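Colleague: I'd like to learn how to read a few features in a structure like this one. Could you take me through them?

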Amino acid sequence: MARSIDLHDPQPKAVRGFIPARTDEERYLMRHIEDLARTAFSREIARYSGFLSDREQDLARAALGRADIEEGFRFEGGWPQAERRILCLEPEYSYGENPIRCVRLQCRALPGAALPAHKDYLGSLMGLELKREALGDIVLPEDQPGTAYVFALEPAAQLICRELFQAGHTELTTELLEPDEIPSFPQARRELRSATVSSLRLDAVLAAMLRCSRGQACELIAAGRVEINHLPAEKPHAPVYEGDVFTVRGKGRFGLTALPGKSKKDRSIIEFFQY
């Protein structure tokens with residue numbers, strides 16, 4: 001069963017609980033956010049983080065809670081549907097700024113040659129020895145083949161304009177855009193699918209999403225190829241929740257948008273899409 005949905009419609013709120021920091025890197029990030037927040041609000045000056053993933057944004061919110069910061073902050077990615085965002089700490093009387101810039105990349109591919117994919121752009125950008133936190137989303141609008149938009153912090157954007165000349169094997173030109181020159185990207189649409197599963201366990205839900213057996217799903221989990229909300233999934237019987245995002249290395253990424261209830265045969269109904 002399939003139908004089209006608009007990914008920019010409000011998504012169901014995830015009910016999975018917050019998972020505390022699990023690594024030294026995550027603990028360092030939380031301490032850094034706390035220090036950043038205390039500096040901003042004690043001195044009433046705006047402060048900004050680097051770009052954060054979904055998981056890192058959750059950790060940042062927890063760090064702000066630990067620092068008793070309840071307002072005066074927001075997350076910004078440069079465009080409305082951004083996945084990677086910076087934390088903007090802007091006390092009431094501070095002077096805020098926009099540290100995010102957008103660079104337009106336009107390819108000059110030979111006739112019939114394949115255009116660069118997202119991984120090609122990212123690989124070329126990382127080849128400039130940029131830190132990942134300096135880079136936000138890379139947007140490839142479907143209505144502009146051969147064009148990509150890179151959101152980055154100001155120094156990284158300037159470096160991209162000076163030193164990036166190709167993505168993969170394709171030559172390109174760069175242009176630093178002013179904020180009012182950034183286009184409104186077409187709203188992405190994905191096919192929403194539904195299935196029934198015997199239980200809301202990871203292996204059962206993953207098998208339905210990938211259209212494979214539960215045994216094969218278990219093998220993917222055991223091989224360390226599965227993440228839930230950007231965290232490694234270790235147990236096939238782990239429960240899943242509405243709003244969870246599943247990343248399966250080599251297979252793609254899936255969003256569990258809804259759990260509508262039970263079928264007539266008392267099986268759980270799931271609704272999901274592939275990014």
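Colleague: Which residue takes a positive phi in the hairpin of S13 and S14?

Modeller: Good place to begin, and please keep in mind that this is a predicted model. The residue is Gly-250, with a positive phi near 90°. Three residues lie between the strands of that hairpin.

Colleague: How many bridges pair S13 with S14?

Modeller: Four, and they run in the antiparallel sense, with S14 covering residues 252-262.

Colleague: Let's turn to charges. How many salt bridges does a search of the whole structure find?

Modeller: The general idea is that side chains of opposite charge can pair when their charged atoms come close. Here the search gives 15 salt bridges. One of them joins the side chains of Glu-26 and Arg-55, at 2.9 Å from N to O. Glu-26 belongs to helix H1 (residues 24-43) and Arg-55 to helix H2 (residues 54-66), so this contact ties together parts that are 29 residues apart in sequence.

Colleague: Is Glu-26 buried or exposed?

Modeller: Its relative accessibility is 13%, so Glu-26 counts as buried. Arg-55 counts as buried too, because its value is 6%.

Colleague: What about Glu-34 and Arg-66: what is the N to O distance in their salt bridge?

Modeller: It is 2.5 Å. Glu-34 sits in helix H1 and Arg-66 in helix H2, so the pair ties together parts that are 32 residues apart in sequence. Glu-34 is buried at 9% relative accessibility, whereas Arg-66, at 47%, is partly exposed.

Colleague: Which residues do salt bridges with shared partners join into one network?

Modeller: Glu-34, Arg-38 and Arg-66 make up that network.

Colleague: One last pair. Where in the chain are Glu-178 and Arg-101?

Modeller: Glu-178 is in the loop between strand S9 (170-177) and strand S10 (189-197), while Arg-101 is in strand S5 (residues 100-107). They link distant parts of the chain, 77 residues apart. The closest N and O atoms of this salt bridge are 3.7 Å apart. With a relative accessible area of 14%, Arg-101 is buried, but Glu-178 is partly exposed at 41% relative accessibility.

Technical notes:
Residues are numbered from 1 along each chain as its sequence is written. This is a predicted model: local features need pLDDT of at least 70, side-chain atom pairs count only at pLDDT 80 or more; totals for chains, interfaces and linings use all residues. Side-chain values use heavy atoms; hydrogens and water are left out. A salt bridge is a side-chain nitrogen of Lys or Arg within 4 Å of a carboxyl oxygen of Asp or Glu. Helices (H or I, at least four residues) and strands (E, at least two) are DSSP runs, numbered from the N terminus. Buried means under 20% relative accessible area, exposed over 50%, partly exposed in between (1.4 Å probe, protein chains only). Two strands pair if DSSP finds at least two bridges between them.
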